[in-house]
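Subject: Handing over a structure

Hello,

Here is the structure I promised you. Please open it and keep it beside this message while you read.

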Amino acid sequence: MNEAQPDADRAQRGIQSIEVGGQLLRALVHHGRPMALKDLAREADMTPAKAHPYMVSFGRLGLIEQDRASGHYLLGPLALQLGLISLQQADPVHIATPAIAQLAQQTGHTIALAVWGARGATIVRTAESPSPVHVNMRHGTVFSLTNTASGRVFAAYLDAERVRELLEAERQRQKQRKAEPAPPAGMPPVQPLPSWADFERQLQEVRAHGISRSDGEVIEGVSAMAAPVFDHTGAIVLAITAIGPAGIFDTTWDGAIGTALKGCADAVSQRLGASRR
């Protein structure tokens, strides 16, 4: 007989009454508004008589409070403190890293996390494709603002005036270059930067679809898509980017890769306290 197994079972055993009562808190959080006891009980699949003692105990702990006028229940000060502390401790890159490993397996393409750094969208994590034919990305690579999926997805959700300043600064740098060296073999020629009006039209398309895409703009035969991750303030904090050979990379807005990317980004955003878009 394996005596270690019962010990492991005991270590995993919870307190059923807490789990049952927790369904009431889940219902309150899910609806996001004060609720009557009968409605909370129905959501938690219990009678109001059974739900009431739980709400009394939760009230004593500060997890909920009751509006004196309506009698409806809402989250209490302890619940709010727990939420704030959780948001303070949430590290977007730490939370998203396991998700991109799963996404690479799901899509069959290399996945990267990019943050907005001093020089623009910068790769900080990668998950390699399980496919023998894939595109490598290196940590520290900085994506172009205007001609990459990652750059455009940040530009679509950053402050418009800041993005306009970045675009003009890049335009000035191009003007200052006396001669452009020929691009390496396989690289497309350097394209003129778009006007602000043209760039804003591209960004509107990104916002309309909730995702950005790029076909052979940086390297011929390589495609990419990027989806934004938001925090509890609604600010973009990450771009989750998929990249792969154009011949096997589906860049349709609602294709398998785009749908998987958006689903992953939305899940990470919710972990960071973002509201559903």
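**A hairpin to start with**

In strand β6, the bridge partner of Asp 215 is Ser 223. This is a predicted model: local features need pLDDT of at least 70, side-chain atom pairs count only at pLDDT 80 or more, and totals for chains, interfaces and linings use all residues. Residues are numbered from 1 along each chain as its sequence is written, and side-chain values use heavy atoms, with hydrogens and water left out.

Some terms first. Helices (H or I, at least four residues) and strands (E, at least two) are DSSP runs, numbered from the N terminus. Two strands pair if DSSP finds at least two bridges between them.

Strands β5 (residues 212-215) and β6 (residues 222-230) run antiparallel, joined by four bridges. Together they form a hairpin, with six residues between the strands. In the turn, Gly 216 has a positive phi of about 60 degrees.

Which side chains of β5 are buried? Ser 212 and Ser 214 are; they point to one face. Buried means under 20% relative accessible area, exposed over 50%, and partly exposed in between (1.4 Å probe, protein chains only). In a regular strand the side chains alternate between the two faces of the sheet.

**The sheet and its helices**

Step back to the whole protein chain. It has 10 helices and seven strands. Of its 277 residues, 39% count as buried. Contact means heavy atoms within 4.5 Å. Among contacts with a separation of 6 or more, 55% come from residues 24 or more positions apart.

Five strands make an open sheet. Their order is β4-β3-β7-β6-β5, and the pairing is antiparallel. The edge strands are β4 (120-127) and β5, each pairing on one side only. On average, neighbouring strands are turned by 25 degrees against each other, direction ignored. For such angles, axes are lines fitted to C-alpha atoms, for helices over the stretch in contact; angles run from 0 to 180 degrees between N-to-C directions.

Two helices meet this sheet. Helix α10 (residues 256-271) packs on the sheet and touches β6 and β7. Its direction makes about 25 degrees with that of β6. Helix α7 lies across β3 (110-117), β4, β5, β6 and β7 (236-245). α7 runs at about 30 degrees to β6.

**Where two helices cross**

Helix α7 (residues 149-157) also meets helix α9 (residues 196-209). Their axes come within 9 Å and cross at roughly 90 degrees. The two helices are therefore roughly perpendicular. The cut-offs: under 35 degrees is roughly parallel, over 145 roughly antiparallel, 65 to 115 roughly perpendicular, and the rest oblique.

From α7, the residues in contact are Arg 152, Val 153, Ala 155, Ala 156 and Tyr 157. From α9, they are Phe 199, Gln 202, Leu 203, Val 206 and Arg 207. The contact has seven nonpolar residues, one polar and two charged. Here Ala, Val, Leu, Ile, Met, Phe, Trp, Tyr, Cys and Pro count as nonpolar, Asp, Glu, Lys and Arg as charged, and the others, Gly among them, as polar.

**Aromatic pairs**

How many aromatic pairs are found in the whole structure? A search finds three. Rings of Phe, Tyr and Trp (its six-membered ring) pair if their centres lie within 6.5 Å; planes under 30 degrees apart are stacked, over 60 edge-to-face, and the rest tilted.

Take Tyr 157 and Phe 230. Their ring centres are 5.1 Å apart and their planes lie at 85 degrees, so the pair is edge-to-face. Tyr 157 is in α7 and Phe 230 in β6, so the pair ties together parts that are 73 residues apart in sequence. Phe 230 counts as buried, at 6% relative accessibility.

Trp 196 and Phe 199 are also edge-to-face, with centres 6.3 Å apart and planes at 70 degrees. Both lie in α9, three residues apart, about one turn of the helix. Trp 196 is buried at 17% relative accessible area. Phe 199 is buried at 0%.

**One buried alanine**

Last, find Ala 96 in helix α6 (residues 92-107). Is it buried or exposed? Ala 96 is buried, with a relative accessible area of 0%. Ala 96 touches Leu 113, Leu 238 and Val 268, not counting residues up to four places away in sequence. The C-alpha atoms of Ala 96 and Ser 269 are separated by 9.1 Å, yet these residues are 173 apart along the chain.

Best wishes
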